[in-house]
Amino acid sequence: MATIPDYTTRPDDELKFAPKAPGSFQRSKNRLQRWVAPGGEFPPAAGRYHIFVNYGCGWCHQCMLAWSFKGLQKAVSISHTGLTVLGPRGTPEYRGWSIPEDPTGNGFTSAYDIYNNAMDYGQDQLTTPILFDKESKQVASNDPAQILLMLNFAFDEWAENKIDLYPTEMREEIENVNAVIFPGINDGVYRCWVGGMRGSDEAYDEGYTGLRKALEWVDSKLQSSAYLCGDRLTLADIRAFPHLFRFDVIYHRLMLRDPRGAYLKDANPAIVGWMKHVFSEPWVQAVCDLQVATRFYLKEPDSECDALYASLKCDWMPS
């Protein structure tokens with residue numbers, strides 16, 4: 001029988017924190033939620049698993065941060081998808097993200113190829129990150145929250161850093177922070193963006209109000225502590241950093257309507273100070289490239305994206 005940590009019954013954020021306004025952006029449950037665990041279908045092993053990530057995606061960035069913090073470079077390989085989607089969405093030609101190079105040796109050229117290699121998966125939810133089992137040649141999981149937890153516990157035998165990012169005694173506090181971060185910020189900007197595109201003022205207002213309240217809450221919390229759960233880094237920080245890191249340069253311009261409100265660097269000094277502190281760590285810098293993420297989201301000429309990045313980034317971010 002598989003030995004699986006007790007937190008694998010953690011509720012799905014997408015369902016637990018679903019928005020309520022008419023026309024709002026509703027995330028569906030991730031389709032593949034299988035765990036890497038001893039005695040199970042996907043046992044832990046060094047070199048067996050590969051993660052396909054997209055540099056632009058905040059949820060992929062969470063996984064990259066956990067992977068880098070734990071020092072899993074020799075246990076789990078990672079590669080980046082392309083920044084373009086193959087085929088129009090909603091057509092038979094749709095193939096999801098391009099795969100410029102496939103280090104797993106299977107000749108994958110698209111996310112569709114990865115998902116459908118060992119099963120009749122279809123075209124729905126060709127998302128990243130993708131946790132791929134190189135031995136059985138199938139996707140083990142496409143649930144970013146669960147992949148994050150697996151990176152924290154499943155490969156500790158080979159991890160250079162065995163510090164637990166989700167300790168038992170802090171889980172309640174970490175999840176209390178997540179109850180603000182996920183609906184208010186990480187998903188909150190998408191609620192503004194998609195609700196706004198659909199022309200639903202109620203959906204946009206719900207998302208924007210939640211976003212600004214969450215930013216105020218986080219800034220207040222960080223005025224009195226080094227991290228979101230006190231004096232040590234946890235999954236709460238890993239979950240929040242990628243999305244706050246993208247806010248001024250990407251989300252503020254792309255996902256919000258006028259009046260957009262203040263940038264973090266102008267109104268939330270505690271958040272900016274925390275980001276600077278986290279970013280100062282070499283393991284964080286190794287998996288951060290906001291300039292590439294800007295090109296991914298904005299889809300404008302690289303020179304225009306680079307100019308925007310230079311004008312909106314914090315002064316401690318790379319030039």
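Me: What volume does the second largest cavity have?
Reply: About 80 Å³. Keep in mind that this is a predicted model.

Me: What makes it a cavity and not a pocket?
Reply: The label cavity is used because a 1.4 Å probe fits at its points but cannot get out, whereas a pocket is an open set.

Me: How do you know which residues line the second largest cavity?
Reply: A residue counts as lining if it has an atom within 4 Å of a point. For the second largest cavity that gives Y7, T8, R10, P11, D12, D13, E14, W35, D143, A145, Q146 and L149. Helix α4 brings the largest share, 3 residues, and both α1 and α4 supply at least two.

Me: Why are 5 of those lining residues classed as charged?
Reply: Asp, Glu, Lys and Arg count as charged, so R10, D12, D13, E14 and D143 fall in that class. The rest of the lining divides into 5 nonpolar and 2 polar residues.

Me: How many cavities turn up in the whole structure?
Reply: The search finds 3 of 30 Å³ or more. The largest cavity holds about 90 Å³ of space. Its lining includes W59, Q62, N178 and R239, and by class it has 5 nonpolar, 3 polar and 3 charged residues.

Me: And the largest pocket, what is its volume?
Reply: About 1100 Å³. Of the 30 residues lining it, F25, R27, R89, T127 and Y190 are the closest to its centre. Helix α6 gives the largest share of this lining, 4 residues. By class, the lining of the largest pocket splits into 15 nonpolar, 10 polar and 5 charged.

Me: Now the helices. At what angle do α8 and α10 pack?
Reply: Helix α8 (residues 235–254) packs against α10 (residues 269–279) at about 110°, and their axes are 11 Å apart.

Me: Why is that called roughly perpendicular?
Reply: The label covers angles of 65 to 115 degrees. The value here is about 110°, so α8 counts as roughly perpendicular to α10.

Me: Which residues meet where α8 and α10 are in contact?
Reply: From α8 there are D237, A240, F241, L244 and F245, and they meet I271, W274, M275, V278 and F279 of α10. That contact has 9 nonpolar residues, no polar ones and 1 charged.

Me: What makes D237 the charged one?
Reply: Asp is on the charged list, so D237 belongs to that class.

Methods:
Residues are numbered from 1 along each chain as its sequence is written. This is a predicted model: local features need pLDDT of at least 70, side-chain atom pairs count only at pLDDT 80 or more; totals for chains, interfaces and linings use all residues. Side-chain values use heavy atoms; hydrogens and water are left out. Axes are lines fitted to C-alpha atoms, for helices over the stretch in contact, and angles run from 0 to 180 degrees between N-to-C directions. Angles under 35 degrees count as roughly parallel, over 145 as roughly antiparallel, 65 to 115 as roughly perpendicular and the rest as oblique. Contact means heavy atoms within 4.5 Å. On a 1 Å grid over the protein atoms alone, a cavity is a set of points where a 1.4 Å probe fits but cannot get out, and a pocket is an open set with protein on both sides within 12 Å along at least five of seven lines; lining residues have an atom within 4 Å of a point. Grid points are joined across faces, edges and corners, and a volume is the space filled by probe spheres set on the points.
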